[in-house]
Amino acid sequence: MDQKTNVFIWDMDETLILLKSLITGSYAKAFNGSKDVQKGIEIGKTWENQILRICDEYFFYEQIEGCNKPYIDAIREYDDGLDLTDYDFANDGFVGTAFDDDSNKKKLAYRHRIIAQKYKKGLRSVFGEKMIKSWDNLYGVTDEYTDKWLSSARACVAQCASGNKDFTPSVDSTDAILDSTSSSAQNINVIVTSGSLIPSLVKCLLFRLDDLFPYENVYSSWEVGKYQCFSLIKERFNGPNVQFCAIGDGWEECEASENMQWPFVQIDPGPVTTSQRFPGLNLETLGHYISVIYGDDDDDDDDDDE
């Protein structure tokens with residue numbers, strides 16, 4: 001039997017992480033007084049300040065903010081492989097607005113290469129234990145404030161990454177659900193975020209998602225839109241046994257999923273919702289959505305018998 005591949009396409013903000021709704025206070029206000037609104041705003045602004053500082057100081061963001069690409073290897077063809085050990089990024093004449101200049105694209109590709117290398121090595125390759133501990137504390141405070149949203153979302157992605165290795169189905173799970181997310185399938189996690197690429201990569205690092213999403217699997221729809229990113233992902237992974245499933249909170253990814261004829265799982269961080277949320281969403285639930293669109297092998301066998 002040919003192995004199935006499930007490609008899970010995750011939105012980032014207000015899906016895998018909560019940030020904007022903390023900064024605006026909308027997350028806490030939805031709980032009608034049971035959460036400290038000001039505390040949530042302070043947590044969100046602390047994250048925002050840290051993300052922007054790291055982007056600028058360690059990931060060239062101040063230089064390349066105006067050169068957003070949909071993924072880190074988008075201009076890899078311009079990278080000639082030069083040894084960058086002693087390269088002077090501060091004085092190489094890079095211009096962040098010269099989009100049509102091949103020399104400039106090469107310099108941007110150099111920066112993207114360094115960013116990819118730092119991402120792959122992780123935060124501990126760049127920062128000391130004192131700084132790491134500070135972020136760990138912030139993560140813990142945020143996770144507690146959001147009722148384990150961050151750790152539950154991460155656990156769900158990890159469950160998807162490992163198939164159903166750590167997944168015990170309920171006794172009334174249908175064969176279709178089990179088949180759609182079975183351990184015999186290869187599962188791939190991809191992020192498509194509406195934010196800029198470099199801050200999104202930094203968010204992955206700070207919110208402990210980098211070991212679940214390699215840099216090649218982080219896409220930014222900032223310039224091109226969700227549908228174009230979904231199309232790129234389909235082109236990259238498509239095959240006869242590939243199933244796609246998108247998960248997010250926004251209208252754009254919902255509309256793009258409908259256009260691609262993919263199942264879409266709506267996320268809502270509110271306390272009372274008919275949509276999915278964390279804690280709660282898991283591999284079994286995703287299997288329901290996949291089965292509705294793609295069916296299961298039993299359906300294929302029935303067709304073959306006719």
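A residue is called buried when its relative accessible area is under 20%, exposed when that area is over 50%, and partly exposed in between, using a 1.4 Å probe and protein chains only. Strands (E, at least two residues) and helices (H or I, at least four) are DSSP runs numbered from the N terminus.

This is a predicted model, in which local features need pLDDT of at least 70, side-chain atom pairs count only at pLDDT 80 or more, and totals for chains, interfaces and linings use all residues. Residues are numbered from 1 along each chain as its sequence is written, and side-chain values use heavy atoms, with hydrogens and water left out.

**The sheet**

Five strands form an open sheet in the order E3-E2-E1-E4-E5, with parallel pairing. Strand E3 (218-220) and strand E5 (264-266) stand at the edges; each has a single partner strand, so one side of each is left without a neighbour in the sheet. From one strand to the next, the twist averages 20°; such angles run from 0 to 180 degrees between N-to-C directions, with axes taken as lines fitted to C-alpha atoms.

Two strands count as paired if DSSP finds at least two bridges between them. Strand E1 (residues 5-10) pairs with strand E2 (residues 186-193) in the parallel sense over six bridges. Within this pairing, Thr 5 stands opposite Gln 186, and Val 7 stands opposite Ile 188. Six bridges also join E1 to strand E4 (residues 242-248), again in parallel, and Ile 247 in E4 is the bridge partner of Trp 10.

E1 is mostly covered, with six of its six residues buried. In a regular strand the side chains alternate between the two faces of the sheet. In E1, Thr 5, Val 7 and Ile 9 lie on one side and Asn 6, Phe 8 and Trp 10 on the other, and all are buried.

**Aromatic rings**

Rings of Phe, Tyr and Trp (its six-membered ring) pair if their centres lie within 6.5 Å; planes under 30 degrees apart count as stacked, over 60 as edge-to-face and the rest as tilted. A search of the whole structure finds twelve aromatic pairs. Two of them are set out here.

| Pair | Centre to centre | Angle between planes | Class |
|---|---|---|---|
| Phe 60 and Phe 89 | 4.8 Å | 50° | tilted |
| Tyr 87 and Phe 89 | 4.6 Å | 65° | edge-to-face |

Tyr 87, at 22%, counts as partly exposed. Ring pairs link Phe 60, Tyr 87, Phe 89 and Tyr 110 into a cluster.

A charge sits over a ring if NZ of Lys or CZ of Arg is within 6 Å of the ring centre and within 35 degrees of the ring normal. Arg 111 lies over the face of Phe 60, at 5.7 Å from the ring centre. Lys 35 lies over the face of Tyr 145, at 5.3 Å from the ring centre.

**Helix H12**

Among the residues buried in H12 are Leu 283, Leu 286 and Ile 290. Just after H12, Gly 295 takes a positive phi of about 70°.
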